[in-house]
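Subject: Structure handover

Hello,

Here is the structure I promised to pass on. Please open it and keep it in view while you read.

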Amino acid sequence: MVALRFLCFSTLVMVVMLVLGCGGTGSSSARVQPLPDMSQVPDGTLAVWGIGTGTAGGISALRGTPIMSGTWAEAGADGPIRLGLPSCPGSSVIVAAAGAVSFKEEHTGQGKVLVVQMEKGAIQLDLADKGPYEKVLVRGSALEVEMVGTLINAERVSDQQDFVLLIHGRIKVRLKQEIAKALAIIEGSDVELTDRQTLTGSTSGGLGEIAVATNRPQLIGSAKARKPLNEQSETKPTGDT
């Protein structure tokens, strides 16, 4: 029953949730709106505003607004927004109402890395293609998530705690370098999640226990109406049947 229940939610995700509507109320008409053309964007553009009401760098954003490195893309209180990733074909980020993300590139010995920084609130990242990047990372207050062709939900629950749920694909989760160092945890202690598994991490307690989501959480709705992802997921320990 749990598997069937989750499958029903997953079907909704694949057909509808990836575009989410991202209008103020998540209306059906908004859900079918495609992302804008991203074939010609200004140099340095890391994301493009697609659907929904909010601000980019504190200024009201319009469809097609480019999001540059370090710029906060913040959703309004009434509903989510959807951003396209022009360098990662078919990929997008949904930010729940009153949430915010920023983007930056880092360079390592292996190549370029795209970092999606959860500034506050919940996101959904659908990574269809890494494009020119060696890695795509999601960072919150405590966790760093390495994406591998994946659909995830994640939430910066507070300035001290993060929550991540893998919908499908594969991810590696670890504490951010500075958090691991402060907690005297050996670097390289990655945790791999499989479909429907969840994990929390905090700046004071490190990584939590892996759990399994029995519900597919939603990002639709206003900031007041939407429950935190960890509450919506109704998790259970991995050993439970």
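Predicted model: local features only at pLDDT ≥ 70, side-chain atom pairs only at ≥ 80, totals over all residues.

**The chain**
The protein chain has 241 residues, and 49% of them count as buried. It holds four helices and 17 strands. Look at contacts with a separation of 6 or more: 53% of them join residues 24 or more positions apart. The accessible surface is about 10800 Å². Carbon and sulfur atoms account for 52% of that surface.

**The cavity**
Rolling a probe the size of a water molecule over the atoms shows where empty space is left. With a cut-off of 30 Å³ or more, the count is one cavity. The largest cavity has about 30 Å³ of space. Which residues line it? They are M118, V138, L143, V145, A154, D162, F163 and V164. Two elements each give two or more residues to this lining: β11 (143–156) and β12 (161–175). By class, the lining has seven nonpolar residues, one charged residue and no polar ones.

**The residue**
Now find T214. It sits in the loop between β16 (211–213) and α4 (229–233). Is T214 buried or exposed? Its relative accessibility is 10%, and buried means under 20%, so T214 counts as buried. Its side chain also has a polar atom 2.7 Å from the backbone oxygen of E234.

Best wishes

Conventions
Residues numbered from 1 in each chain as written. Heavy atoms only, no water. 1 Å grid on protein atoms, 1.4 Å probe; cavity = no way out; pocket = protein on both sides within 12 Å on 5 of 7 lines; lining within 4 Å. Points joined across faces, edges and corners; volume = space filled by probe spheres on them. Nonpolar A, V, L, I, M, F, W, Y, C, P; charged D, E, K, R; others polar. Buried < 20%, exposed > 50% of the residue type's maximum accessible area, 1.4 Å probe, protein only. Contact = heavy atoms within 4.5 Å. Areas by Shrake-Rupley, 256 points an atom, 1.4 Å probe, with all protein chains shown as cover. Polar contact = N/O pair within 3.5 Å; in protein donor to acceptor, adjacent residues only side chain to side chain.
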